[in-house]
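Below is a note for a colleague who is about to go through the coordinates. Please read it with the model open.

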Amino acid sequence: MRVLIIEDDPGIADGLSATLKRTGYAVDTAGTLREAMAAVSVESFDIILLDLGLPDGDGLEGLRLLRQQGRTTPVLIMTARDELPSKVQGLDEGADDYLVKPFQPEELLARMRVALRRNEGRANPELIHGPLDIDLAARTVKRDGQPITLRTKEFELLMVLVRAAGQVVTRQRLEEALYSFDEPLESNALDVHIHHLRRKLGDDLVKTVRGVGYFVPRPERKA
Ligand code: CA
């Protein structure tokens, strides 16, 4: 999952970034509205964390722009202003949730999971896919009830593919979801992760579409 942090306080931005990277998110940061809008126009983010007081404008302006452009990316507002009006306005402008600074990382992570789940129209916090049972909060995977140990990027890759089950996900989209701007990306990194996923979860799960990308078939419905 790729997250964009829009925050001008370097201390807060670095702290958040470190927490999210540890959790497995690919993280980019923008310190101004202008930078943020430029990033959003070239990369697809899965979720955005938005500070309201930015040097070149109000975060709400950015939010309005995003929604006007038809972008449905979940946005969580982070605000030091704990007055009611700015929260309400933020939600009315198209934010999915808000956090009042200072907040605990656990709360942020939980709210991010909720926003992502809602965005996908899921109520269940677990992703069930055929024999796979993926717990997004604990970041654990079981196949036929047996726990399987995945590395961070493998877990992220599996989540992206399972969330899009039945559709081909392009290599570019997968690389965007897994790597931020500043992470070095070896040209075969994706193939290596796919290879490990197949070894750990079985050859039948991830299918290759040569020259395009990968997909996980929709699980067969039990009659
Ligand atoms: Ca600020």
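1. Basis. This is a predicted model, in which local features need pLDDT of at least 70 and side-chain atom pairs count only at pLDDT 80 or more, while totals for chains, interfaces and linings use all residues. Residues are numbered from 1 along each chain as its sequence is written, and side-chain values use heavy atoms, with hydrogens and water left out.

2. Sheet. Five strands make an open sheet, ordered β2-β1-β3-β6-β7, with parallel pairing. The edges are β2 (26-30) and β7, each with a single partner strand, so one side of each has no neighbour in the sheet. From one strand to the next the twist averages 20°. Strands and helices here are DSSP runs numbered from the N terminus (E, at least two residues, for strands; H or I, at least four, for helices), and two strands pair if DSSP finds at least two bridges between them.

3. β1 and β3. These parallel strands, residues 2-6 and residues 47-51, are joined by four bridges. Ile6 stands opposite Leu50 in β3.

4. Calcium site. Which residues coordinate the calcium ion? They are Asp8 (OD), Asp51 (OD) and Gly53 (O), at 2.2 to 2.4 Å. The donor spacing in sequence is D-x42-D-x1-G. Donors are N, O and S atoms within 2.8 Å of the metal (3.2 Å for Na, K and Ca), and the site may look incomplete because water is not among the atoms. Asp51 is buried, at 5% relative accessible area, whereas Gly53 is partly exposed at 36%. Buried means under 20% relative accessible area, exposed over 50%, and partly exposed in between (1.4 Å probe, protein chains only).

5. Largest cavity. The whole structure holds two cavities of 30 Å³ or more. The largest has a volume of about 120 Å³. It is lined by 13 residues, and Tyr25, Arg113, Leu136, Arg139 and Met159 are the closest to its centre. α6 (152-163) and α5 each supply at least two lining residues, and α6 gives the largest share, four residues. By class the lining has eight nonpolar, one polar and four charged residues. A cavity is a set of points on a 1 Å grid over the protein atoms alone where a 1.4 Å probe fits but cannot get out, and lining residues have an atom within 4 Å of a point. A volume is the space filled by probe spheres set on the points, which are joined across faces, edges and corners.

6. Second largest cavity. Its volume is about 40 Å³. Ile6 and Leu50 are among the lining residues, which also include Leu33, Met37 and Leu66. Two or more lining residues come from each of α2 (33-42) and α3 (59-68), and α2 gives the most, four. The lining has eight nonpolar residues, one polar and no charged. Ala, Val, Leu, Ile, Met, Phe, Trp, Tyr, Cys and Pro count as nonpolar, Asp, Glu, Lys and Arg as charged, and the others, Gly among them, as polar.

7. Backbone. Most residues other than glycine have a negative phi, and most peptide bonds are trans. The bond from Lys101 to Pro102 is cis, with omega near -5°, and Pro102 lies in the loop between β7 (97-100) and α5 (105-119). Arg139 has a positive phi of about 55°; this residue is partly exposed at 25% and sits in the loop between β9 (132-135) and β10 (140-143). Asp144 also has a positive phi, about 50°; Asp144 is exposed at 58%, in the loop between β10 and β11 (146-148).

Notes. On a 1 Å grid over the protein atoms alone, a cavity is a set of points where a 1.4 Å probe fits but cannot get out, and a pocket is an open set with protein on both sides within 12 Å along at least five of seven lines; lining residues have an atom within 4 Å of a point. Axes are lines fitted to C-alpha atoms, for helices over the stretch in contact, and angles run from 0 to 180 degrees between N-to-C directions.
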